[in-house]
Amino acid sequence: VLVLRNYTTGTDFDLNCKINALTTAGDYSYTLIESATTNAAAPATVSYYNSTVFGLNNSLIDNTDGDNSLVLTVNDYADTTANKTMTAFEMYKRSTGQKTVLQSFGSVNTTAAVTAITLTPSAGTWSAGTYVLYGVN
């Protein structure tokens with residue numbers, strides 16, 4: 001379990017995750033459910049992906065608001081016989097100003113044990129944030 005708190009970059013950005021540096025098309029299959037908390041009447045957006053990264057948002061994250069949080073879980077990370085499943089829960093402020101709640105879930109097409117988790121902003125470089133990693137022997 002990876003917890004990322006109060007993160008931001010120097011410019012509005014998307015947040016992506018890679019496991020063991022995998023970047024081949026189809027390595028990550030996932031679903032995003034995203035809802036702006038400032039508009040309760042608007043339905044949640046559901047998106048499906050088969051991608052080179054595990055995407056952690058569908059809308060640009062506002063770089064001026066560091067009040068963002070993410071909890072990422074890679075299930076059975078040490079197993080070497082089955083593909084990995086992942087879940088993410090995130091709260092962030094969109095570049096359009098809306099606070100947003102996101103749930104993402106899917107799989108990583110690898111039976112290798114997880115040895116690296118890389119979080120990468122689509123633009124800019126990290127300018128703030130802390131993390132805690134739980135469950136590692």
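A: Start with Asp 67, which is partly exposed at 48% relative accessibility. Its side chain meets that of Lys 99 in a salt bridge, 3.6 Å from N to O. Asp 67 belongs to the loop between strand 5 and strand 6, while Lys 99 is in strand 8, so this pair ties together parts 32 residues apart in sequence.

The count of salt bridges in this predicted model comes to three. Another joins the side chains of Asp 62 and Lys 93, at 3.8 Å from N to O. This pair also links distant parts of the chain: Asp 62 is in the loop between strand 5 (54-55) and strand 6, Lys 93 is in strand 7, and 31 residues separate them. Asp 62 is buried, with a relative accessible area of 8%. Lys 93 has 23% relative accessibility; that counts as partly exposed, since buried means under 20%.

Then there is Arg 94. Its side chain meets that of Glu 34 in a salt bridge, 4.0 Å from N to O. Arg 94 lies in the loop between strand 7 (84-93) and strand 8 (99-108), and Glu 34 lies in strand 3 (residues 28-36), so the pair ties together parts 60 residues apart in sequence. Arg 94 counts as buried at 14% relative accessibility. Glu 34 is buried too, with a relative accessible area of 2%.

Definitions and conventions:
Residues numbered from 1 in each chain as written. Predicted model: local features only at pLDDT ≥ 70, side-chain atom pairs only at ≥ 80, totals over all residues. Heavy atoms only, no water. Helix = DSSP H or I, 4+ residues; strand = E, 2+ residues; numbered from the N terminus. Buried < 20%, exposed > 50% of the residue type's maximum accessible area, 1.4 Å probe, protein only.
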